[in-house]
Amino acid sequence: MTTDSIPVQTPDARSGTARKARKDTTPARRSRQLFRHPGAGRQHHAGPVAYILLGIAALVSLFPLYWTMVAASTDNTRVTQTPPPFLPGPHLLENLGKAWQDAALGKAMLNSLIVAGVIALSTVLFATLAGFAFAKLRFKGRNILLMLVIGTMLVPPQLGVVPLFMMMTELGWGQQLPAVIFPTLVSAVGVFFMRQYLSEALPDELVEAGRVDGAHSLRIFWSIVLPIARPPMAVLFMITFVHAWNDFFWPFIVLDMSNPTVPVALTQLSAGYIRDQSLIMAGALLGTLPLLVMFIVFGRQIVGGIMQGAVKG
């Protein structure tokens, strides 16, 4: 046997083999070997118990809406009977038409659409601007201002009703929609929500790269921040719109029945000594339909945006 047939390992080969052996024994390598199994990477399906629980949760969530439709489709006598009806009656269209006419819901829905749309858009814009400033800009007193914004969430809104009403009267906005829109153009919850998201999802390197390219803060906000912040902006818009649409306390104080929003207009249906519960439920059903349509149309985009933001984050 000659020496030419014996493989000789050079120092570089020996060191490479040693490095490979050490690499194979790293914790990451051991964890990959530990969790590697034939079903890795496959889509997992929920079991029957999960589907049963989800079905029960869906039924419980939809029951109030179903009961509203059942009560709106019967007369007042049948609604107040024991046991109550659990199947729809024949008077749904009749009660819907009467509620629409008695409460003047056409003008009320238009007012609510204007109020909720303006409040939602302004809240998303201003909250995203403020959230970007608190998250990525360095300026004097930033932490103090953030604490003041968060502190306003602890103050009950009822404490400011009297001075706010006096302010709206001095501005000449009594019984007008600006009196409802102006005090809620931005919310502290929205600012804090956007600040928390941008602190994690917006890398400092992107902001610094924009600075190096000569972009000012508004240009960075428009070109970098807005594309990244679309998922939370969609969620914030939806939540703010629903809250503004359903708000009753402040619009009831500053508006009258000649220029109401939907919650204020629905109080007309409960006026009188005998309340027609079926008529009230019909009005509530009409006031809920725009929100249902909005969620059906934009719900998938909003959920998809949330999932996209979660994956990117």
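A residue counts as buried when its relative accessible area is under 20%, as exposed when that area is over 50%, and as partly exposed in between, with a 1.4 Å probe and protein chains only. By that rule Ser122, at 9% relative accessibility, is buried. This is a predicted model, in which local features need pLDDT of at least 70 and side-chain atom pairs count only at pLDDT 80 or more, while totals for chains, interfaces and linings use all residues. Residues are numbered from 1 along each chain as its sequence is written, and side-chain values use heavy atoms, with hydrogens and water left out.

The protein has 16 helices and zero strands, where helices (H or I, at least four residues) and strands (E, at least two) are DSSP runs numbered from the N terminus. Of its 313 residues, 29% count as buried. The protein exposes about 20500 Å², of which carbon and sulfur atoms supply 68%; such areas come from the Shrake-Rupley method with a 1.4 Å probe, and for residues only the protein chains shown count as cover. A contact means heavy atoms within 4.5 Å, and among the contacts with a separation of 6 or more, 71% are between residues 24 or more positions apart.

Ser122 is found in helix H6, and, leaving aside residues up to four places away in sequence, Ser122 touches Ala127 and Leu185. Another residue of helix H6 is Phe132, which pairs with Phe221 of helix H12 (residues 217–228), 89 residues apart, so that the pair links distant parts of the chain. The structure as a whole holds six aromatic pairs, and the one between Phe132 and Phe221 is tilted, at 6.2 Å centre to centre with 45 degrees between the planes. Rings of Phe, Tyr and Trp (its six-membered ring) pair if their centres lie within 6.5 Å, and planes under 30 degrees apart count as stacked, over 60 as edge-to-face and the rest as tilted. Both partners are buried, Phe132 with a relative accessible area of 3% and Phe221 with one of 6%. Elsewhere, ring pairs link Phe237, Phe241 and Trp245 into a cluster.

The largest pocket holds about 1100 Å³ of space. Of the 33 residues that line this pocket, Pro157, Pro183, Thr184, Ser187 and His243 are the closest to its centre. A pocket here is, on a 1 Å grid over the protein atoms alone, an open set of points where a 1.4 Å probe fits, with protein on both sides within 12 Å along at least five of seven lines, and lining residues have an atom within 4 Å of a point. Helix H13 (230–246) is among the helices that each supply at least two residues of the lining, and its six residues are the largest share. The lining divides into 21 nonpolar, eleven polar and one charged residue.

Two loop residues close the tour. Most residues other than glycine have a negative phi. Ala104, however, has a phi near 50 degrees, and lies in the loop between helix H5 (92–102) and helix H6 (105–136). Gln175 likewise has a positive phi, of about 60 degrees, in the loop between helix H8 (161–170) and helix H9 (178–181). Ala104 is partly exposed, with a relative accessible area of 41%, and Gln175 is partly exposed at 34%.

Technical notes
Grid points are joined across faces, edges and corners, and a volume is the space filled by probe spheres set on the points. Ala, Val, Leu, Ile, Met, Phe, Trp, Tyr, Cys and Pro count as nonpolar, Asp, Glu, Lys and Arg as charged, and the others, Gly among them, as polar.
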